Amino acid sequence: MAGDTITLWRPVGPTELALIRASGMRAFPPRLPEQPLFYPVLSEEYATKIARDWNVRASGKGYVTRFRVAKAFLSNYEVHEAGGQVHREYWIPADDLAAFNAALVGEIDVIAEFTAST
């Protein structure tokens with residue numbers, strides 16, 4: 001099964017993490033109207049940078065999630081570089097998030113937590 005999936009990461013704040021936990025760690029919440037895209041990233045390093053530098057500043061805490069997605073689903077989307085080779089991400093339209101969640105394999109794991117003091 002591992003060859004049929006791709007591991008991705010997503011930095012989240014406490015509000016989004018609460019919604020993920022409410023799903024049983026099985027789904028990302030719908031995007032807000034001002035958020036037309038969902039951005040899962042291709043490296044733990046990039047997710048850590050965002051969680052630590054942006055999420056902590058915005059909400060006092062930042063988390064890094066890790067999850068697996070069916071490779072067949074992701075083949076419909078391009079990888080984009082957001083300022084460098086390490087900063088690679090998928091741009092999933094908000095309207096496709098339910099299908100993205102259906103393509104998740106297993107649970108969403110929280111692998112790191114950052115606060116203003118870390």
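Modeller: Glu 16 and Arg 10 are both buried. In this predicted model, the two residues form a salt bridge with each other, and their closest N and O atoms lie 3.0 Å apart. This pair is one of five salt bridges that the structure holds.

Another of the bridges joins the side chains of Arg 26 and Glu 107, with 3.9 Å from N to O. That pair links distant parts of the chain, since the partners are 81 residues apart. Arg 26 sits in the loop between helix H1 (14–22) and strand E2 (37–38), while Glu 107 belongs to strand E7, residues 104–115. Arg 26 has a relative accessibility of 45%, so Arg 26 counts as partly exposed. Glu 107 also counts as partly exposed, because its relative accessibility is 41%. Buried would require under 20%, and exposed over 50%.

A further salt bridge is formed by the side chains of Arg 52 and Asp 53, at 3.3 Å from N to O. Salt bridges with shared partners join Arg 52 and Asp 53 with Lys 49 into one network. Asp 53 has a relative accessible area of 23%, so Asp 53 is partly exposed.

To return to your request: Glu 16 and Arg 10 are buried, Arg 26 is partly exposed, and Glu 107 is partly exposed.

Note on methods. Residues numbered from 1 in each chain as written. Predicted model: local features only at pLDDT ≥ 70, side-chain atom pairs only at ≥ 80, totals over all residues. Heavy atoms only, no water. Salt bridge = Lys/Arg side-chain N within 4 Å of Asp/Glu carboxyl O. Buried < 20%, exposed > 50% of the residue type's maximum accessible area, 1.4 Å probe, protein only. Helix = DSSP H or I, 4+ residues; strand = E, 2+ residues; numbered from the N terminus.
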